[in-house]
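User: I would like a close look at the side-chain contacts in this model, with charges and rings taken together.

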Amino acid sequence: MSRIGKLPITVPQGVKIAVTDGVIHVEGPKGKLNCPARPEVVLTIEGSVVKVAPRDESKEANAFQGLYRQLINNMVEGVSKGFSRTLLINGVGYRADLKGNLLTLNLGYSELIEVVIPQGITVVVENPNKVTLSGIDKQLVGQTCAEIRSLRGPEPYKGKGIRYDNEVIRRKAGKTASAKK
């Protein structure tokens, strides 16, 4: 049995969960999220507690139990609190600018890079080197951050590029002058 899957999900006040026609609906103060349900798992909603159980004892059903428990927990947390990730831009002349839903990045290339922000994501450029993305869908926030970071990942010598705020870059020593004999 899945260790994560057998943990109950506590639903906070103001969040509603319903399962209709094989789709899980979660609604809260920040918005609504939907997720298709698999036949391998059974959802039990008892007041403010949701439990996910496998339909049978197969390996696949146990795997889906843990997956769907975490997906539902992320949806509940997203509609109640939301998710946010911060990206730091490091480098001389590297900067970010936001106009509407278009994030313009100057990352040392000959042309500016424009990223269209998907619906459901809120972007705040706190200063030209700090960008915060937030939303209710954890997967969408993480995927958008990963796509922006992939435009210019941090390099190990000077640390230039885009990195997460909690990411640690392992730095390498550069070339050293060798002594001539």
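User: Which residue lies over the face of Tyr 164, and at what distance from the ring centre?

Analyst: In this predicted model, the residue over the face of Tyr 164 is Arg 85, at 4.2 Å from the ring centre. A further contact of this kind places Arg 152 over the face of Tyr 109, where the distance to the ring centre is 4.5 Å.

Between rings, the structure holds one aromatic pair, formed by Phe 64 and Tyr 68, whose centres are 6.3 Å apart and whose planes make an angle of 50 degrees, so that the pair counts as tilted. Both residues belong to helix H1 (residues 59-80), where they are four residues apart, about one turn of the helix, and both are buried.

Another salt bridge links Glu 40 with Arg 38, the closest N and O atoms being 3.1 Å apart; here Glu 40, at 15% relative accessibility, counts as buried, whereas Arg 38, at 33%, counts as partly exposed. The side chains of Glu 126 and Lys 130 also meet in a salt bridge, at 3.6 Å from N to O, with Glu 126 partly exposed at 47% relative accessibility and Lys 130 partly exposed at 30%.

Conventions: Residues are numbered from 1 along each chain as its sequence is written. This is a predicted model: local features need pLDDT of at least 70, side-chain atom pairs count only at pLDDT 80 or more; totals for chains, interfaces and linings use all residues. Side-chain values use heavy atoms; hydrogens and water are left out. Rings of Phe, Tyr and Trp (its six-membered ring) pair if their centres lie within 6.5 Å; planes under 30 degrees apart count as stacked, over 60 as edge-to-face and the rest as tilted. Helices (H or I, at least four residues) and strands (E, at least two) are DSSP runs, numbered from the N terminus. Buried means under 20% relative accessible area, exposed over 50%, partly exposed in between (1.4 Å probe, protein chains only). A charge sits over a ring if NZ of Lys or CZ of Arg is within 6 Å of the ring centre and within 35 degrees of the ring normal. A salt bridge is a side-chain nitrogen of Lys or Arg within 4 Å of a carboxyl oxygen of Asp or Glu.
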